[in-house]
Amino acid sequence: MPEIFKTIDKIKPAYDITYKAVMVICKLLLIADILITTMAVLGRYIPFIPDPAWSEEVVLTCMSYMAVLSAALAIRRGAHIRMTAFDLYLPKGLVKFLDILADSGVLVLSVIMIVVGWQYAAGLGAKGSYVSMPKVSRFWMYFPVPLAGVAMLIFELEAIYNDIKGFFVKEEA
């Protein structure tokens, strides 16, 4: 059985690249947030610096992307809040099973985020526009949900694989 895990482990670099790409996106969004907010605040007090009307909506949209994408990143690192108080007292097999059950629930949530999020983005979002930027579709305001759903799906598949692998491969000390 461990041979199949060695074969499947060869796709780990794809997960690493996805993680790094999502991290870069979050960093770029943070930089954009800081720059736009700085310009907007300075524009209120310094006459020659513009204070664009669109700054608040763009900053809020960038923040929504960062919030859901960083939550997807936390899945890969196992950094989400989890109930582990009883893990020391439960059999290791049961703990691994409960990890798979929890990861399966998050996997279902990610699929719901993709499907329902896309319906909202393509439906309701595509019909409206930003107040301060009438030519820009509100699709971009709803798009972070299905985008994060895809990232969550990818990282949850890896987490479930690692959980299943834990049943068959002994941990090295």
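**Exercise 1.** Is Phe 139 buried or exposed?

*Solution.* Let's start with the ground rules. This is a predicted model, where local features need pLDDT of at least 70, side-chain atom pairs count only at pLDDT 80 or more, and totals for chains, interfaces and linings use all residues. Residues are numbered from 1 along each chain as its sequence is written, and side-chain values use heavy atoms, with hydrogens and water left out. Now the cut-offs: buried means under 20% relative accessible area, exposed over 50%, and partly exposed in between (1.4 Å probe, protein chains only). Phe 139 has a relative accessible area of 15%, so Phe 139 is buried.

**Exercise 2.** Classify the aromatic pair formed by Trp 118 and Phe 139.

*Solution.* Rings of Phe, Tyr and Trp (its six-membered ring) pair if their centres lie within 6.5 Å; planes under 30 degrees apart are stacked, over 60 edge-to-face, and the rest tilted. The structure holds nine such aromatic pairs. For Trp 118 and Phe 139, the centres are 5.6 Å apart and the planes make 85°, which gives an edge-to-face pair. Ring pairs also link Trp 118, Phe 139, Trp 140 and Phe 143 into a cluster.

**Exercise 3.** Describe the surroundings of Ser 110.

*Solution.* First, burial: with a relative accessible area of 0%, Ser 110 is buried. Next, its side chain reaches the backbone oxygen of Leu 107 at 2.6 Å. Finally, leaving aside neighbours within four places in sequence, Ser 110 is in contact (heavy atoms within 4.5 Å) with Gly 149, Met 152 and Leu 153.

Technical notes
Polar contact = N/O pair within 3.5 Å; in protein donor to acceptor, adjacent residues only side chain to side chain.
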